[in-house]
Amino acid sequence: MTIDEFYVSINGNYKEIKGRLSTEERIKRFLLKFLEIDDMDVLKNAWENDDYQNLFTYSNRIKGIALNLSFDSLADSTSKLIELSKTGTLKDKKSASEIYERCCQEYDLIEKNIILFFLYFHFF
């Protein structure tokens, strides 16, 4: 798997990240850094505890990371979660739940594919 194939597998934008970071080595370095963040764990905890302030904050953080790394699909789903949580409450919990699940799925897909990319194709 090449780095551009990795980006296709996660619904990302390789051309954009290549333009931003210039080299594949830099891209790989930032992909590995992505595995170190725990923002999704905090977001999941916020969701489970109806902590809408942290849900909003960590959705924003994840969206920023997703935009910087050109993870388009994750950026899109977190943007929707931000919109639903910015008032400090969730008016439509069912709709929010679907969006939250999509965020989790997108994040998990990216995380798993980064691990696969390095473990099976490029080693650490």
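Analyst: A residue is called buried when its relative accessible area is under 20%, exposed when over 50%, and partly exposed in between (1.4 Å probe, protein chains only). The model is a predicted one, in which local features need pLDDT of at least 70 and side-chain atom pairs count only at pLDDT 80 or more, whereas totals for chains, interfaces and linings use all residues. Residues are numbered from 1 along each chain as its sequence is written, and side-chain values use heavy atoms, leaving out hydrogens and water.

User: Is S73 buried or exposed?

Analyst: S73 lies in helix α6; helices are DSSP runs of H or I with at least four residues, strands are runs of E with at least two, and both are numbered from the N terminus. Leaving aside neighbours within four places in sequence, S73 is in contact (heavy atoms within 4.5 Å) with I10, N11, R102 and E106. The relative accessible area of S73 is 11%, so S73 is buried.

User: Which residues are in contact with S77, leaving aside its neighbours within four places in sequence?

Analyst: S77 is found in helix α6, which covers residues 72-85. Its relative accessible area is 0%, so S77 is buried. Leaving aside neighbours within four places in sequence, the residues in contact with S77 are I99, R102, C103 and E106.

User: How many disulfides does the structure hold?

Analyst: A disulfide is a covalent bond between the sulfur atoms of two cysteines, and here the term requires a pair of cysteine sulfur atoms within 2.5 Å. The sulfur of C103 has its closest cysteine sulfur in C104, at 6.8 Å, which is too far for a bond. C104 is accordingly in no disulfide. The number of disulfides in the structure is zero.

User: Do C103 and C104 count as buried or exposed?

Analyst: C103 has a relative accessibility of 1% and therefore counts as buried. C104 has a relative accessibility of 8%, so C104 also counts as buried.

User: How are α4 and α5 oriented to each other?

Analyst: Two packed helices are described by the angle between their axes and the distance between the axes. An axis is a line fitted to C-alpha atoms, for helices over the stretch in contact, and angles run from 0 to 180 degrees between N-to-C directions. The axes of α4 (residues 39-48) and α5 (residues 52-68) come within 9 Å and cross at roughly 150°. Angles under 35 degrees count as roughly parallel, over 145 as roughly antiparallel, 65 to 115 as roughly perpendicular and the rest as oblique, so α4 and α5 are roughly antiparallel.

User: How are α5 and α6 oriented to each other?

Analyst: The axes of α5 and α6 are 8 Å apart, and the helices pack at an angle of about 155°. The contact is made by residues including Y52, L55 and F56 of α5 and L74, A75 and T78 of α6. By class, the residues of this contact divide into 10 nonpolar, five polar and one charged. The angle means that α5 and α6 are roughly antiparallel.

User: How are α2 and α3 oriented to each other?

Analyst: The helices α2 and α3 pack with their axes 9 Å apart, at an angle of about 105°. In this contact, Y14, I17, K18 and L21 of α2 meet E24, R26, I27 and F30 of α3. These residues divide into five nonpolar, no polar and three charged. The angle means that α2 and α3 are roughly perpendicular.

User: What is phi of S22 near?

Analyst: S22 is placed in the loop between α2 (14-21) and α3 (24-34). Its relative accessibility is 42%, so S22 counts as partly exposed. Phi of S22 is positive, in a residue other than glycine, and is near 75°.

User: What is phi of S70 near?

Analyst: S70 is placed in the loop between α5 and α6. With a relative accessible area of 0%, S70 is buried. Phi of S70, a residue other than glycine, has a positive value near 60°.

User: How far apart in space are N13 and F71, C-alpha to C-alpha?

Analyst: N13 lies in the loop between α1 (3-9) and α2 and, at 23% relative accessibility, counts as partly exposed. Leaving aside neighbours within four places in sequence, N13 is in contact with Y7, S70 and D72. N13 and F71 are 58 residues apart in sequence, while their C-alpha to C-alpha distance in space is 6.7 Å.

Terms used
Ala, Val, Leu, Ile, Met, Phe, Trp, Tyr, Cys and Pro count as nonpolar, Asp, Glu, Lys and Arg as charged, and the others, Gly among them, as polar.
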